[in-house]
Amino acid sequence: MENKNQKEVLIIEVSTLTCIDLANSDLHQSAVLLKQACSDSGFFYVINHGISKELNDQAFEQSKKFFALPLEEKMKVLRNEKFRGYAPLCDQLLDPNNQVRGDYKEGFTIGTEGPKNGPFRDKPLYSPNIWPNPDVLPGWRETMEKYYQEALRVCKSIARIMALALDLHVNYFDAPEMLGNPIADMILFHYEGVSNPSKGIYACGAHCDFGMLSLLATDDVMGLQICKDKDLKPQKWEYVPSIKGAYIVNLGNLLERWSNGFFKSTLHRVLGNGQDRYSIPFFVKPSHDSIIECLPTCHSEDNPPKYPAIKCSVYLSQHYKAAHAHHKQT
């Protein structure tokens, strides 16, 4: 493990992030703001997204009900080989160089099911979901499915502004091989305990998301931190506060790769302070068969592509396995 005194400085700041109004009819104005945010920190807020407070509150209420169940009940929907279902405490290890144990959080993943008899039925990243017993949690599945669809709608709206920010056609990412048939995972998280970076204990270890973009709903318990310059030594961490009615958005490695490094995938982590903390991130990736290669507007003779082309499913499978590789060792 690295020497923490060399790696970090005291966190004294709360980050100030750009806010994008999704109700703004001037998409090009929003694209200018988004372009600056994506090239600066890779994190921003969205407001006027259309997800009702009622639905948001219902999703968090149902999430809390699930995590309040006895462990034996939660283990009945234990995560399967397609990464769907319940993940117990310390199941995931995101920063093995600096963590002495897995993340001190438990989660529940709901993903893209796809048509049972459609062209994606045999693809490895599409799968039926696992659901808690409706007799134990009535209405749980219905709430989560409704929230899932709303979150996906918002992400597609953000992707249209992102296309303009990258000097692409506004509908570029709507193509069937991209977000027309996306891979999207929604994870309910419950964080516990007190983190201690000096001892390698984290609610969620430092990492960059590996998809295209992530839409985060969180409660008002502070914990999320970002490091805008991951190459800076020592690293400087800033808290990202929750804003009432707003969602936090961040970019993933896949979009950084797609944009030839122009847009940034930002290092982030969660520190626990002893309070229960809940969040619902929604991770969006393009279609299983999409080829991730440098976007046409992101390279030139003087700035050639930095990354080789790779099939989306291959890229994602590598990252899923890496995040859970410690299971084989234990």
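How many bridges join strand S5 to S12, and in which sense do the two strands run?

## Strand S12 and its partners

Seven bridges link S5 (residues 183-191) with S12, and the two strands run antiparallel. Keep in mind that this is a predicted model. To find one spot in this pairing, look at Ile183: its bridge partner in S12 is Lys285.

S12 also pairs with strand S7, which covers residues 213-218. Within S12, Pro281 stands opposite Leu216.

## Wrapped up on both sides

Now check how hidden S12 is. Nine of the nine residues in this strand (residues 277-285) are buried, so S12 is largely enclosed by the rest of the structure.

Side chains in a regular strand alternate between the two faces of the sheet. In S12, one side carries Arg277, Ser279, Pro281, Phe283 and Lys285, while the other has Tyr278, Ile280, Phe282 and Val284. Every one of these is buried, and both faces are covered.

## Zooming out

The whole protein has nine helices and 14 strands. Its C-alpha atoms fill a box of roughly 55 × 55 × 40 Å along the principal axes. A compact globule of 330 residues would have a radius of gyration near 20 Å, and the protein's 19 Å agrees with that.

Of the 330 residues, 53% count as buried. Take the contacts between residues at least 6 apart in sequence: 79% of them join residues at least 24 apart.

Terms used: Residues numbered from 1 in each chain as written. Predicted model: local features only at pLDDT ≥ 70, side-chain atom pairs only at ≥ 80, totals over all residues. Heavy atoms only, no water. Buried < 20%, exposed > 50% of the residue type's maximum accessible area, 1.4 Å probe, protein only. Helix = DSSP H or I, 4+ residues; strand = E, 2+ residues; numbered from the N terminus. Pairing = 2+ DSSP bridges. Rg over C-alpha atoms; globule rule 2.2 N^0.38 Å. Contact = heavy atoms within 4.5 Å.
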